[in-house]
Amino acid sequence: MDSEKLNFGAISLDGIEELLAQNITPNVYVFNSLMNVNGHDLSYTLHFYNHMQTLGVAADVASYNILLKACCLAGRVDLPQDIYKEVQHVASTGPLKMDIITYSTTIKVFADAKMWQMALKVKDDMLRAGVNPNIVTWSSLISAFANVGLVEQAVNVFEEMLLAGCEPNTQCCNILLYACVVACQYDKAFRVFRSCV
């Protein structure tokens, strides 16, 4: 069976077992596709990730990004901490390089879990690695502080974003405006509104 002619999008675990029986080991791209196609199901994604490791297929940065996204969608915060440590270790000892998606997804996981300290630590790691935040990163950082009522810190991140030359989008403005209004800090809300228009 020629592996180039296979429809890998239709492969299930049984299909992988069939390939293995024919001495064909799926590569990282096949596993990434399988994990990503059902990324909304964390147990499915983890199952294929573990199977990939069992077969000795090395994960790449896309593999880790898919895992982090699945954790984010599932609202799990325990696994992303371990995944982030693992990808940092792999990046420090090999050719794998963490990208903006890895950092931004990890920050979003921690922001959603109201773990602003961890989100800030990941941002610091990101800057040390020479990766510049984008609008997704900034929005997640603003959200990290807004989610716990730290409006002043959220405004500071917003201003830092502006100083970095990143234009605000509707999402980050709405996050910050909502946090200001909930905290009855209308003067800050007005300043933010003027920065967003």
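Reply: Helices (H or I, at least four residues) and strands (E, at least two) are DSSP runs, numbered from the N terminus. An axis is a line fitted to C-alpha atoms, for helices over the stretch in contact, and angles run from 0 to 180 degrees between N-to-C directions. This is a predicted model, where local features need pLDDT of at least 70, side-chain atom pairs count only at pLDDT 80 or more, and totals for chains, interfaces and linings use all residues. Residues are numbered from 1 along each chain as its sequence is written, and side-chain values use heavy atoms, leaving out hydrogens and water.

Me: At what angle do H8 and H10 pack?

Reply: H8 (residues 135-146) and H10 (residues 170-182) meet at about 10 degrees, and their axes lie 9 Å apart. Angles under 35 degrees count as roughly parallel, over 145 as roughly antiparallel, 65 to 115 as roughly perpendicular and the rest as oblique, so H8 is roughly parallel to H10.

Me: Which residues make the contact?

Reply: Contact means heavy atoms within 4.5 Å. H8 brings Ile135, Ser139, Ile142, Ser143 and Ala146, while H10 brings Gln171, Cys172, Ile175, Leu176 and Ala179.

Me: And how many helices and strands does the protein have?

Reply: There are eleven helices and zero strands. The C-alpha trace spans about 70 × 30 × 30 Å along its principal axes.

Me: How much of the protein is buried?

Reply: Buried means under 20% relative accessible area, exposed over 50%, partly exposed in between (1.4 Å probe, protein chains only). Here, 42% of the 197 residues count as buried.
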